[in-house]
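Okay, thanks for coming, everyone.

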Amino acid sequence: MVVGVTVLSHRFIHSDVKFPSFYEERRADTIDPTVSSRSTEDARRSAAPGILYGLGGMFGIIAAKETIQKLVAFKWIPADLQALGSIEVKLSEIPEGEVKVYEWRGKPVFVAHRTAEDIARERDVPLNELRDPERDEDRVKKDEWLVIVGVCTHLGCVPTINAGDYRGGYFCPCHGSHFDGSGRVRKGPAPTNMVVPNYTIDEDKVIFGSSS
C-alpha cells in the first residue's frame with residue numbers, strides 16, 4: 001500500500017494558444033503562394049523612391065526648422081552680449097607714423113596712423129600694377145587712418161609690420177607675400193588684399209564691429 005503520494009499532471013503543449021495572423025496586412029501582390037516574387041519585383045521597388053523622397057523631405061524640414069530657430073535666437077540676443085563682439089580703441093594712443101595691433105574676435109587688427117607722405121605714396125600706385133585692384137581711398141574712412149585685419153590672405157599667418165619690399169608695408173614670413181602701405185597684395189602667393197573689417201571712427205576712437 002502506497003501512502004502520501006501526490007500525483008501531478010503537467011501540460012507540455014499549449015494547444016490553446018492563438019497565434020496572430022498578419023494576412024490582412026500583407027501586400028495583395030504577395031498573398032498568392034503560386035506567384036513568383038520576381039513577377040512582382042517592379043511593383044515592390046516602385047515604392048522605394050517614394051519612401052526616400054518622403055524621408056528627404058522630412059529631414060529637410062527639420063534642418064530648416066533648426067536654421068530658423070538659430071537665426072531667431074541670435075536676433076534676440078541682448079545688446080550687452082552682442083557688444084562683446086565689438087571693441088573701442090583710442091586713436092590718440094597711436095602716434096603719427098606708427099602701427100598698433102589690437103585683438104578683435106580672436107584676430108589681430110592693425111591700426112596705422114599714416115603720415116601725409118604715406119598717403120600720397122599709396123594714392124600714386126597705378127591700379128594696373130595690383131593683383132587685386134583697389135584704390136587706397138576706398139580702403140579707408142579717414143585718410144590718415146588705415147584699419148585692416150592683420151592676417152595674410154594666403155594661409156592666415158600674421159604679417160610683419162613695416163617689412164617687405166614696399167615702404168610702410170607688411171611682409172608675411174610664412175610664404176613670402178608682400179603687402180604695401182594700404183594692405184594691398186603686391187608679391188607672393190596671397191590672392192587678395194588684406195581685409196578691411198567693419199568699423200567706424202567717432203571723433204577720437206575707432207569702434208570695431210560696427211559699420212554704421
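Before I point at anything, one term: when I say nonpolar core, I mean a set of buried Ala, Val, Leu, Ile, Met, Phe, Trp, Tyr and Cys residues joined through side-chain atoms within 4.5 Å. And keep in mind that this is a predicted model.

So, the cores. The largest one has 14 residues, and the ones with the most contacts inside it are Phe 110, Leu 146, Ile 148, Tyr 170, Phe 179 and Met 194. Two strands, β3 (107–113) and β4 (145–149), each put at least two residues into that core. There's also a second, separate core of 13 residues, and among its members are Ile 94, Tyr 102, Tyr 199 and Phe 208.

Let's zoom in on Leu 146. Which residues does Leu 146 touch, leaving aside its neighbours within four places in sequence? The list includes Phe 110, Val 111 and Ala 112, then Arg 139 and Val 140, and also Tyr 170. Gly 181, Ser 182 and Gly 183 are in contact with Leu 146 too.

Now the cysteines. How many disulfides do we get? One. Cys 157 and Cys 174 make the bond, with their sulfur atoms 2.1 Å apart. The S-S torsion comes out at about -105 degrees, so this disulfide is left-handed. Cys 157 sits in the loop between β4 and β5, and Cys 174 in the loop between β6 and β7 (178–179), so the pair ties together parts that are 17 residues apart in sequence. Cys 157 counts as buried, at 19% relative accessibility, while Cys 174 is partly exposed at 41%.

What about Cys 152, then? Cys 152 is in no disulfide, and the nearest cysteine sulfur, the one in Cys 172, is 3.8 Å away. Cys 152 is buried at 3% relative accessibility, and Cys 172 is buried at 1%.

Last stop, backbone torsions. Asn 162 isn't a glycine, yet its phi is positive, near 55 degrees. Asn 162 is in the loop between β5 (160–161) and β6 (170–171), and it's exposed, with a relative accessible area of 52%. Glu 203 also has a positive phi, about 55 degrees, without being a glycine. You'll find Glu 203 in the loop between β9 (199–202) and β10 (205–208), and at 69% relative accessibility it counts as exposed.

That's my tour, so over to you.

Conventions
Residues are numbered from 1 along each chain as its sequence is written. This is a predicted model: local features need pLDDT of at least 70, side-chain atom pairs count only at pLDDT 80 or more; totals for chains, interfaces and linings use all residues. Side-chain values use heavy atoms; hydrogens and water are left out. Buried means under 20% relative accessible area, exposed over 50%, partly exposed in between (1.4 Å probe, protein chains only). Helices (H or I, at least four residues) and strands (E, at least two) are DSSP runs, numbered from the N terminus. Contact means heavy atoms within 4.5 Å. A disulfide is a pair of cysteine sulfur atoms within 2.5 Å.
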